[in-house]
Amino acid sequence: MIKDFKYFAPKTLKEALTLADKYQDEAKVIAGGQSLLVLMRQGLVAPEYLIDIKGISELSYIKSDAKKGLRIGALTTHRAIEKSPRMRDGFAVLAEMENRLASIQTRNWGTIAGNLCHADPAGDPAPVLIALNATLSLASVRGERNMAVEDFTLDYFETALEPGELLTEIRVPATPPHTGIAYTKFNVIESDLATVGVAVSITLGSGDGICQDARIALGAAAPTPMRAKQAEAVLRGKKITDNLLREAGEVASTEAEPISDIYASEEYRRELVKVLVKRMGKEAFTRAKQA
Ligand SMILES: Cc1cc2nc3c(=O)[nH]c(=O)nc-3n(C[C@H](O)[C@H](O)[C@H](O)COP(=O)(O)OP(=O)(O)OC[C@H]3O[C@@H](n4cnc5c(N)ncnc54)[C@H](O)[C@@H]3O)c2cc1C
């Protein structure tokens with residue numbers, strides 16, 4: 001049963017930040033409630049104060065600019081991202097990822113920031129945003145700070161948010177020319193969380209097929225979403241071939257720190273990393289050649 005709490009429904013960010021600052025650790029922010037309510041029902045989280053930010057319309061938007069890239073307000077739902085025409089300008093991978101996240105009902109109500117702040121290592125958005133080199137804006141009554149998505153999650157269900165701080169915006173830089181990005185997850189039940197998720201971004205030099213830059217991000221393969229930096233180094237500066245992608249997959253599977261749980265053993269997850277890095281590397285390479 002859910003323990004009693006005092007409920008606030010601020011209509012502006014300023015109001016929400018003032019409440020979050022006043023009640024600090026005794027308060028919880030709720031957005032779509034798709035993750036928080038489950039924890040509250042289980043009695044794992046029992047806030048004294050609940051700050052419902054869903055009604056703050058100034059935090060729900062998707063803006064894009066050819067030079068600056070994409071800006072997504074914290075309260076943007078998964079479904080809004082999935083359906084946004086703005087994803088066509090180099091960010092199709094975000095819409096593809098959202099299309100496989102949960103059910104339509106959950107996507108209609110759950111928010112991208114809520115997903116990141118819940119910090120489930122199996123969440124879909126974080127690996128994709130890491131491959132896209134995205135950053136976050138965090139705000140409190142003291143001001144704003146920015147942070148790379150890859151630095152945001154500190155441990156299982158733990159983020160770098162300070163008490164009184166809210167995630168307000170996700171910023172995705174414009175995709176460099178000749179870049180392809182691909183994401184997939186392996187899951188047993190369609191639309192369920194990832195057993196392992198892999199996002200790969202490959203940037204090619206113009207016309208020569210040489211990998212100028214690569215970013216490989218893994219989900220559900222460690223306590224936090226992680227970059228496989230040694231695997232990225234395997235690709236950088238070389239001509240992409242099937243053998244090179246296989247080597248990158250093998251290196252990524254040794255870098256991963258997966259656990260065994262009811263969904264998969266550690267060994268099985270390492271095998272998934274190996275296979276999916278190669279597969280997504282191939283897809284990203286194909287997309288980069290067409291970009
Ligand atoms: C049936 C089901 C299936 C699911 N399947 C998937 C899946 O396949 N892939 C996947 O990635 N996820 C999945 N999820 C998880 C879900 O998509 C996300 O966790 C959800 O989108 C969270 O968003 P929310 O707005 O509902 O957050 P809430 O539940 O409201 O909040 C989640 C956490 O974030 C904090 N928070 C929310 N917004 C902010 C903010 N702006 N600033 C600071 N803190 C904030 C809250 O305090 C809370 O700790 C599933 C969930 C359900 C119920």
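Which helices each supply at least two residues of the lining of the largest cavity? They are H6 and helix H7 (125-131), where helices (H or I, at least four residues) and strands (E, at least two) are DSSP runs numbered from the N terminus. Before going further, note that this is a predicted model, in which local features need pLDDT of at least 70 and side-chain atom pairs count only at pLDDT 80 or more, while totals for chains, interfaces and linings use all residues. Residues are numbered from 1 along each chain as its sequence is written, and side-chain values use heavy atoms, with hydrogens and water left out.

On a 1 Å grid over the protein atoms alone, a cavity is a set of points where a 1.4 Å probe fits but cannot get out, and a pocket is an open set with protein on both sides within 12 Å along at least five of seven lines; lining residues have an atom within 4 Å of a point. Grid points are joined across faces, edges and corners, and a volume is the space filled by probe spheres set on the points. The structure holds 1 cavity of 30 Å³ or more, and the largest cavity has about 60 Å³ of space. Its lining includes Asn115, Leu116, Asp120 and Pro225. The second largest pocket holds about 400 Å³; 20 residues line this pocket, and Ala122, Ala194, Asp261, Tyr263 and Arg269 are the closest to its centre.

Now to the ligand. A residue is near it if one of its heavy atoms lies within 4 Å, and of the 32 residues around the ligand, Val29, Ser35, His78, Thr111 and Asp124 come nearest. H6 gives the largest share of this shell, 5 residues. Polar contacts are pairs of N or O atoms within 3.5 Å; within protein, one must be able to donate a hydrogen and the other to accept it, and residues adjacent in sequence count only if both atoms are side-chain atoms. A polar side-chain atom of Ser35 is 2.5 Å from a ligand oxygen atom, and an N or O atom in the side chain of Thr111 lies 2.6 Å from an oxygen atom of the ligand.

Finally, the aromatic rings. Rings of Phe, Tyr and Trp (its six-membered ring) pair if their centres lie within 6.5 Å; planes under 30 degrees apart count as stacked, over 60 as edge-to-face and the rest as tilted. The structure holds 4 aromatic pairs. Phe8 and Tyr23 have ring centres 5.5 Å apart and planes at 20°, so this pair is stacked.
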